[in-house]
Amino acid sequence: RLNHSLIIREVFENGVYKSFGMIGVKYKKTKVISSRFSISVRKNVGSAPFRNKIKRFLRETIRQKRSMLNSSYDFCFFVTNPPKNPLDYSSVLKKVKGFFSSLNKESCD
């Protein structure tokens, strides 16, 4: 887990931004052994149970699909706006899986 404020600040200052729907990601390639993640959901997204549900979906998806990554990265996932459509696990899984596969294609090029 990525929880050191200096590293998170560095990712936000020097990282690459990518958005997929309501989820935004800032990421930066790193030299550590495995990828590190941080998840943040703003309060205006919804009630506490709903925000926790989003975080659970993201954590579980990352846990399942992190083996797809060819390189190590520092990731900061964040949600700033409420979803326009009802949120379900399969849509989050599809978006994160597509994001990780696009990262692999970028690192191969």
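Which side chain meets that of R63 in a salt bridge, and what is the N to O distance?

Reply: The side chain of R63 meets that of E60, at 2.5 Å from N to O. A salt bridge here is a side-chain nitrogen of Lys or Arg within 4 Å of a carboxyl oxygen of Asp or Glu. The model is a predicted one, in which local features need pLDDT of at least 70 and side-chain atom pairs count only at pLDDT 80 or more, while totals for chains, interfaces and linings use all residues. Residues are numbered from 1 along each chain as its sequence is written, and side-chain values use heavy atoms, with hydrogens and water left out.

Both R63 and E60 belong to helix α2 (residues 48-65), where they stand 3 residues apart, about one turn of the helix. Helices (H or I, at least four residues) and strands (E, at least two) are DSSP runs, numbered from the N terminus. R63 counts as exposed because its relative accessible area is 52%, whereas E60, at 28%, is partly exposed. The cut-offs are under 20% relative accessible area for buried and over 50% for exposed, with partly exposed in between (1.4 Å probe, protein chains only). In general, side chains of opposite charge can pair when their charged atoms come close.

α2 lies across β2, β3 and β4, and runs at about 160 degrees to β3. Axes are lines fitted to C-alpha atoms, for helices over the stretch in contact, and angles run from 0 to 180 degrees between N-to-C directions. Contact means heavy atoms within 4.5 Å. Together, β3, α2 and β4 make a left-handed β-α-β unit. A crossover is right-handed if, with the strands pointing away from the viewer, the path from the first strand over the helix to the second runs clockwise.

The sheet itself is open, with 4 strands in the order β1-β2-β4-β3 and mixed pairing. Its edge strands are β1 (16-20) and β3, each of which pairs on one side only. From one strand to the next the twist averages 20 degrees. Two strands pair if DSSP finds at least two bridges between them. Between β3 and β4 the pairing is parallel, over 6 bridges, and S40 has F78 in β4 as its bridge partner. Between β2 and β4 the pairing is antiparallel, over 7 bridges; here V25 has F77 in β4 as its bridge partner.

Another joins the side chains of R36 and D74, at 2.9 Å from N to O. This pair links distant parts of the chain, with R36 in strand β3 (residues 36-41) and D74 in strand β4 (residues 73-79), 38 residues apart. R36 is partly exposed at 22% relative accessible area, while D74 is buried at 5%. K28 and E10 also meet through their side chains in a salt bridge, at 2.2 Å from N to O. That pair too links distant parts of the chain: K28 lies in strand β2 (residues 23-29) and E10 in helix α1 (residues 5-14), 18 residues apart. Both partners are partly exposed, K28 at 23% and E10 at 36% relative accessibility.

Helix α1 also holds F12, which is partly exposed with a relative accessible area of 37%. Leaving aside its neighbours within four places in sequence, F12 is in contact with K26, C76 and F78.

As for the chain as a whole, 3 helices and 4 strands are present. From the N terminus on, the elements run α-β-β-β-α-β-α. The radius of gyration is 13 Å, close to the 13 Å that the globule rule gives for 109 residues, so the chain is as compact as a globular protein of that length. This radius is taken over C-alpha atoms, and the globule rule is 2.2 Å times the number of residues to the power 0.38. Of the 109 residues, 37% count as buried. Among contacts with a separation of 6 or more, 79% are between residues 24 or more positions apart.
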